[in-house]
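Please keep the structure open beside them and look up each place as it is named.

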Amino acid sequence: MAVVIVGAGFGGVAMALELVRSGHRDFIVLEKASEAGGVWRENTYPGAACDVPSPYYSFSFAPNPRWSRRYPEQRDIKDYLNRLIDYYGLRPHLRCNTEVTGAVFDAAKRRWQIETSTGETVYADVFVPATGQLSRPAIPAIPGRESFAGVSFHSAEWNHDYELAGKRVAVIGTGASAVQFVPRIQPAVAHLTVFQRSAPYILPKPDAAYGRLYRLTFRRRSLLQSVERLLCWSGGELAALGLAGNRSIARFVGWIAKCNLRLCVPDEKLRAALTPDYPIGCKCVLFGNSFYAALTETNAHLVTEPISEITPRGIRTADGIERDIDAIIYGTGFLTQEWLAPMRVRDHNGRDLHDVWAAGARAYLGIAVPGFPNLFIMYGPNTNLGSGSIIYMLERQARYIRQLIEYLGTRPGTVLDVRADVEQRYDTEVQRRLASTAWASCASWYRSETGRISSNWPGLVSEYDRRTRRVEIADYRLMP
């Protein structure tokens, strides 16, 4: 049973680990970059770190006693992932510098034909895309963007060769990345202008360095780390209830965010500009201890006027003011609605999956799509979280897909195609539940242009664990 996994980030590695730990060795992982790491390879901007505590941002079977902080930084996360690749012997299965450009299901041969950027064609009995939702940077189509004479780059493609010290720097966006890198670059630049479209809710981040004694305790008494992981899981589930509609929890979290803003920003005018005008949870709730403080410094300025155009010299806003800029940093997120792009995935009739998903991506349990047999997605539609650890979800998806692979392995030459009625009932339920969540109350990266929420899971992670614990073969059509 040959398995091809696309992507060597946490999703692809989670699937590979599940296979190798169950004794399955007939698989390869195709990775477009020169090394593994996914978003933690790409995002090297100053201050890049996770908003999930480190004991919870790890695989349950592989606790990491080497974390340097409660909230792990980019280098620590990437090192952790690569240590697992080495420990479990995944290197021989990993093919780097190999981008998948397309895949088509061959009904006659009952397998997937996968085309790569190297010109090689790879065949698979089971095809597992694990390309994630946050892998392709989004740069807004602002008029005049190409005319800018200075230096510009996206936060996920940080230009480390460009010296920001002493420069007039513009940051477009106030999302999760900007909240982390703005405090790091503000002390060095001559002047920092932050362009904000909508103010985020920011909670204080209870971060702390793990000292030598703490890490030693992790090594010798892993129970301590397990307890901390359980506490993080419990907090994530509680917060998820607030996102799902528990108003008391939502109000309490909102009150903490407002208190944080009031304590950090004494200037009333600036505080008003940084006050969100939408319900908490509708957009991504952020964590940070220094973003507000950075904006209160004399060399920093927050602009809330919409950008009308980018000129060769700088940025002009709707009020007619043009600000001279040396460098522009786009903290504008990712193309979250272009699932599996840019590769083209087609069924045996040549039907493109992107066309099937024209009204918004959808899949049974976020994993299986009717009409695309033996294709199982990691971190697929409606499996993202507003609270909790995505690695928890990835473990459950990998476990579920492994069961499907094992079932197929006992029946060579057959394929599994999720029943359309099963997927429809599931999608109807998920969308109905999402309609009453915080995410339905405003526009955000969680939603498509049609308003459909294709990103997020509507319940607790414990529910997803239960629903993916065992494959119900009756949910699938077995095609001999």
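1. The buried residues of helix α12 are Val422, Glu423, Tyr426, Asp427, Val430, Gln431, Arg433 and Leu434, where buried stands for a relative accessible area under 20%, exposed for over 50% and partly exposed for what lies in between, computed with a 1.4 Å probe on protein chains only. Seen down the axis of α12, these residues fall within an arc of 160°, so they line one face of the helix; the arc is taken from the directions that lead from the helix axis to the C-beta atoms. An α-helix has 3.6 residues a turn, so residues three or four places apart point the same way. On the other side of α12, Arg425 and Arg432 are exposed, while the cover over the buried residues includes α13 (461-467).

2. This is a predicted model, in which local features need pLDDT of at least 70 and side-chain atom pairs count only at pLDDT 80 or more, whereas totals for chains, interfaces and linings use all residues. Residues are numbered from 1 along each chain as its sequence is written, and side-chain values use heavy atoms, with hydrogens and water left out. Helices (H or I, at least four residues) and strands (E, at least two) are DSSP runs, numbered from the N terminus.

3. The length of α12 can be checked as well: at 1.5 Å a residue, its 15 residues (420-434) should span 21 Å, and the end C-alpha atoms are 21 Å apart, which agrees. The expected span is 1.5 Å times one less than the number of residues in the helix.

4. How many disulfides does a search of the whole structure find? It finds 1, a disulfide being a pair of cysteine sulfur atoms within 2.5 Å. Cys282 and Cys442 form this link, with their sulfur atoms 1.7 Å apart, and at -120° about the S-S bond it is left-handed. Cys282 lies in the loop between α8 (268-273) and β12 (286-287) and Cys442 in the loop between α12 and α13, so the pair ties together parts that are 160 residues apart in sequence. Both Cys282 and Cys442 are buried. Cys264, in contrast, is in no disulfide, the nearest cysteine sulfur being that of Cys259, 11 Å away, and at 27% relative accessibility Cys264 counts as partly exposed.

5. Ser444 also lies in the loop between α12 and α13, and it is buried, with a relative accessible area of 17%. Leaving aside its neighbours within four places in sequence, Ser444 is in contact (heavy atoms within 4.5 Å) with Cys282 and Lys283.

6. Leaving aside neighbours within four places in sequence, its contacts include Trp158, Val169, Ile185 and Val189. The C-alpha atoms of Leu164 and Val189 are separated by 5.9 Å, although these residues are 25 residues apart along the chain.

7. Finally, 4 strands form an open sheet of mixed pairing, in the order β6-β5-β4-β18, where two strands pair if DSSP finds at least two bridges between them. The edge strands, β6 (121-124) and β18 (344-346), each pair on one side only. Strands β4 (residues 100-106) and β5 (residues 111-116) pair in the antiparallel sense over 6 bridges, and Val100 stands opposite Thr116 in β5.
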